[in-house]
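Subject: Handing over a structure, with notes

Dear colleague,

I am passing this structure on to you, and I would be glad if you kept it open while reading the notes below.

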Amino acid sequence: MTARTELIERGEELLQLSRITTDALNGVGAVGLVAGPVATGKSVLLSALCEQAHAAGFVTLRAVGAQAENHTPLSIAGQLLRHAPLDPARHEHVQRLLRLAVTSAAAAGTDAPPALHARTGPDSDAGRPARLCGDLVQELCAVLFELSTVSPILLCVDDVHHADEHSLQWLLFLIRRLGSARIAVVLAERTASQHPQPAFHAELLRQPNCRRVMLGPLSHDGVSALIGARLEDGRRTGAQRDEELAASELRARVDALTGGNPLLVHALLDDLRTCTRLPSEARSATLGAGYAFSQAVVSCLHRSEASALAVARGIAVLGDESCVQVLGHLVDRSPASVERVIRGLDSAGMLEHGRFRHPAVRTAVLHDTDAGELSRLHFRAAHLLYTRGAPERAIAEQLLASTEPGEAWSTKVLCDVAREALVDGDAALARRCVEHAHRGCTDRRRRGEVLTLLAGVEWQLQAGNAVRHLPQLTSALRSGDLAERQSVVVLKYLLRHGRLTEASATLEHIICQQWTVESRTAAELQTVKLMLSSSYPGAIADLPPLGPCRVDEEHTPAAVRADPQLQAAAVLDEVLSGRAREHTFLAAEQVLRSLRLTYRSWEQAEFALLALIYGDQLDRAAVCCDQLLERIGNAAEGWRPPLLALRSQIAARQGRLADAERDAMAALESMPWQGWGVNIGLPLATLLCAQTAMGKYEDAAELLNRPVPQAIYKTRYGLHYLYARGEFRLATNNSQAALDDFTICGEMMQDWDLDLPSVVPWRGAAARVHLQAGDVQKAKVLIDEQTRRLQPGPSRSRGMTVRLSAAVAELKHRPSLLRQAVDELQRSDSPIELALALADLGYAHQKLGDHKRSRIMMTRAWQLAKEHRAEPIQRGLSNLFSDVREEVPQTAGGASAGGLSDAERRVASLAALGHTNREIARELFITVSTVEQHLTRVYRKLKVTRRSDLPGELCLAAGGGTASYA
């Protein structure tokens with residue numbers, strides 16, 4: 001580094017110091033005091049002065065004050081005289097004087113120089129040491145005066161603020177006696193809010209021969225010049241530099257980061273050297289504080305006064321929440337003192353308006369602080385912010401950086417922030433807060449509450465992770481460390497994972513508690529009652545009695561009835577008890593639209609979606625489920641697997657077999673198998689049904705080999721699993737085993753009072769087994785009973801049941817029943833069931849001798865089965881009619897049905913399904929003539945001449961969409 005880079009904007013100051021040496025050369029002793037903030041070039045300026053003086057014939061003697069030596073007597077004098085050009089005898093004499101001075105100081109028993117002690121009389125004991133020390137000081141000064149007669153002398157003392165008191169007094173003794181001696185004394189000191197040696201400083205400035213030179217940070221032009229000089233030096237040494245590096249943008253950014261402090265500028269440019277392999281524009285874009293810059297700042301702080309380091313650490317700890325009052329409390333200093341220190345650090349370029357100029361500097365200061373001290377500072381900062389009503393997230397940041405034991409207020413803050421972070425989608429913060437609160441919580445009762453929250457956060461982030469906290473939760477429950485609401489949460493976890501024995505003990509514990517009907521616990525318990533009856537009905541006999549499960553509108557307090565979770569459970573209860581009406585489904589949609597994605601609200605979503613699914617409101621359920629999946633962020637990933645499981649069930653019921661398979665597999669893959677507990681029955685059953693319907697029997701058989709929790713057969717999920725297993729067994733020609741599964745499923749549903757075809761149509765499935773065996777009478781009994789249990793209104797379940805009714809009816813009545821089934825299934829968007837109904841209708845027409853209409857129905861059924869990948873249906877139809885694979889031509893010219901009006905499309909769709917003109921007129925409430933007119937226009941637009949040539953897509957015109965198989 002050249003002098004050119006070192007002395008930028010220091011020429012005037014060097015000139016002032018040169019005048020001091022000129023005066024000394026002319027026989028006028030003079031003193032200079034160079035003062036300025038830390039690292040502003042004082043040492044460099046002294047070096048330049050020494051070079052000039054040496055060239056002018058001066059003997060230059062240098063010393064540096066050090067904080068570690070400020071209790072070593074005459075350490076500065078020793079440094080200066082040790083390198084003086086003395087003959088060996090004189091040098092040995094000086095060393096003996098220095099050793100004697102140190103011994104005298106030790107004998108005086110004080111840090112103050114003995115020569116300065118007041119003598120109490122000629123015979124005083126203190127007199128001789130004082131006189132002796134005074135003589136020593138005088139003799140040491142005499143050495144310099146004698147030397148100056150031969151050559152002019154320049155004494156330079158850097159960091160004089162660290163000099164020991166004996167050296168300072170020796171310097172004052174010398175300075176006061178310079179007179180005409182050819183001696184120049186130049187001292188450099190760091191400016192501070194409070195000088196460490198105020199008496200020395202005041203006495204020095206009183207001397208008439210003392211000149212003060214002030215240094216400050218470089219100006220913007222100075223920074224620019226320094227950068228240019230460094231770049232020029234780099235080019236001269238062969239370093240690769242582009243002219244863009246000296247552009248005004250680079251200079252401005254360096255100036256902004258350093259505040260003009262030369263040391264910081266050099267450090268920042270050193271950091272820039274690490275980017276030399278980048279293009280110049282990239283280096284300019286990535287310019288920032290690196291290791292060298294951060295270390296330079298830390299070095300400056302350690303070289304500053306002690307309070308500066310403490311204040312800087314306080315600013316680093318407080319960050320954006322830093323203010324003079326809080327900072328003063330944090331570092332145990334008055335606001336006025338803190339303000340003075342901040343002004344000093346601002347002037348040194350390390351701060352800007354009391355803030356670090358770059359985040360890397362704050363990080364470096366924090367890393368430089370002892371870990372234990374830093375932890376205590378963060379906790380103290382958190383408490384100060386808490387008492388001042390600061391935002392909870394700011395308080396939580398301080399607590400997270402501390403390892404101190406928690407207190408009641410800190411635990412509450414962390415838990416509140418964790419809940420808020422989950423809502424805001426900040427999963428990482430939520431987990432850190434609740435884990436930190438749990439580690440630092442020492443209160444047993446509070447610790448149990450935090451553990452419950454931790455399990456909830458784990459569930460929300462990854463639903464399967466919550467199970468690992470169950471042992472601790474149950475232990476806390478047994479020891480009485482959980483409140484009623486937390487106990488209910490534990491109960492739900494235990495039920496979800498099929499741990500019925502522990503769930504029974506937990507419920508017994510809850511029932512024994514004294515809770516009031518107005519409390520939130522009442523709503524929680526009422527929800528548990530409904531949840532047990534709807535999802536765990538087989539476990540009720542193993543649990544303590546809870547009383548009636550219906551919500552009593554008259555006697556249940558309004559506050560309890562208004563609980564969102566209870567409302568959702570009540571909606572599902574209405575559906576499963578056969579009391580659902582349109583207002584029930586509207587209430588379910590309202591629950592789904594208004595809920596927040598937190599672990600406590602998952603049951604609300606599940607209850608409401610199941611109410612729509614079991615109520616055959618599949619389109620509504622699909623929309624709501626997709627909306628929830630779109631809302632999932634990083635902080636609600638735990639919602640994804642169970643939501644995908646529900647969406648796969650919806651898709652299966654809508655006949656979208658590929659979608660059902662994809663979603664069910666995604667659900668099972670996104671959460672560990674053991675993490676599902678008994679809930680695994682739903683995605684597993686859906687995947688089993690979808691793969692069976694698609695003819696993937698090997699995949700389905702592999703699924704059945706996977707073990708499931710035994711407790712699943714006491715839950716609603718077990719119904720789905722048994723039904724799916726029965727469908728697989730029936731499809732693989734194991735009819736008796738299939739009938740056993742359907743029968744067991746039916747017995748469970750009847751015992752549990754969940755016997756609705758829309759939940760699991762076990763009677764229809766068992767009837768199909770009896771029909772295969774030729775036992776029509778048993779099948780008819782089952783189908784008639786299923787018909788009586790249908791809910792009012794059109795539905796997928798009604799279409800499926802009517803189709804089965806046709807199978808046990810006389811042949812002549814079958815077409816009429818099957819057309820009714822087709823209409824129901826078209827309206828409910830159930831293409832797989834529709835394909836089966838069309839196939840049955842085609843077969844009925846074949847039996848009745850109407851081969852033309854039979855072929856139309858079979859072809860439509862084959863097209864639907866192909867579109868939705870129902871390979872077994874395709875194969876069965878192909879076996880019946882070898883030409884069924886030949887798709888009905890859309891038009892002679894290949895046109896589609898897209899150009900039809902709505903009225904024409906409705907007529908054409910019914911005609912494509914084989915309805916006569918009169919049947920179409922009756923269905924659409926129009927005249928036969930109007931039907932004929934519409935068909936004439938349809939034939940003309942589509943360029944066909946007969947019904948059998950109508951496009952296959954028209955068979956879906958009345959329904960469209962998709963629906964389920966299971």
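This is a predicted model: local features need pLDDT of at least 70, side-chain atom pairs count only at pLDDT 80 or more; totals for chains, interfaces and linings use all residues.

Residues are numbered from 1 along each chain as its sequence is written, and side-chain values use heavy atoms, with hydrogens and water left out.

To begin with the cysteines, a disulfide is taken as a pair of cysteine sulfur atoms within 2.5 Å, and by this rule the count is zero. For accessibility, buried stands for under 20% relative accessible area, exposed for over 50%, and partly exposed for what lies in between, with a 1.4 Å probe and protein chains only. C210, at 17% relative accessibility, is buried, whereas C323 has a relative accessible area of 25% and is partly exposed.

Turning to charged pairs, side chains of opposite charge can pair when their charged atoms come close. The structure holds 50 salt bridges (a side-chain nitrogen of Lys or Arg within 4 Å of a carboxyl oxygen of Asp or Glu). One of them joins R431 to E458, whose closest N and O atoms are 3.1 Å apart. This pair links distant parts of the chain, 27 residues apart, since R431 belongs to helix α21 (residues 427-440) and E458 to helix α22 (residues 444-461); helices here are DSSP runs of H or I with at least four residues, strands are runs of E with at least two, and both are numbered from the N terminus. R431 is partly exposed at 29% relative accessibility, while E458 is buried at 2%.

Another salt bridge runs between E824 and R827, with the closest N and O atoms 3.9 Å apart. Because E824 and R827 are three residues apart in helix α42 (residues 814-827), about one helical turn separates them, and E824 is buried, with a relative accessible area of 8%.

In the pair E871 and R875, the closest N and O atoms are 2.2 Å apart, and both residues lie in helix α45 (residues 871-880), four residues apart, or about one turn of the helix. E871 is partly exposed at 32% relative accessible area, and R875 is partly exposed at 36%.

How do helices α7 and α8 cross? The axes of α7 (residues 165-176) and α8 (residues 198-206) come within 11 Å and cross at roughly 10°, the axes being lines fitted to C-alpha atoms over the stretch in contact, with angles from 0 to 180 degrees between N-to-C directions. The two helices are therefore roughly parallel to each other (angles under 35 degrees count as roughly parallel, over 145 as roughly antiparallel, 65 to 115 as roughly perpendicular and the rest as oblique). The contact, meaning heavy atoms within 4.5 Å, is made by L168, L172, I175 and R176 of α7 together with F200, E203 and L204 of α8.

Finally, D542 sits in the loop between α26 (520-535) and α27 (558-561) and is partly exposed, with a relative accessible area of 35%. Leaving aside residues up to four places away in sequence, D542 touches L500, S504 and K714.
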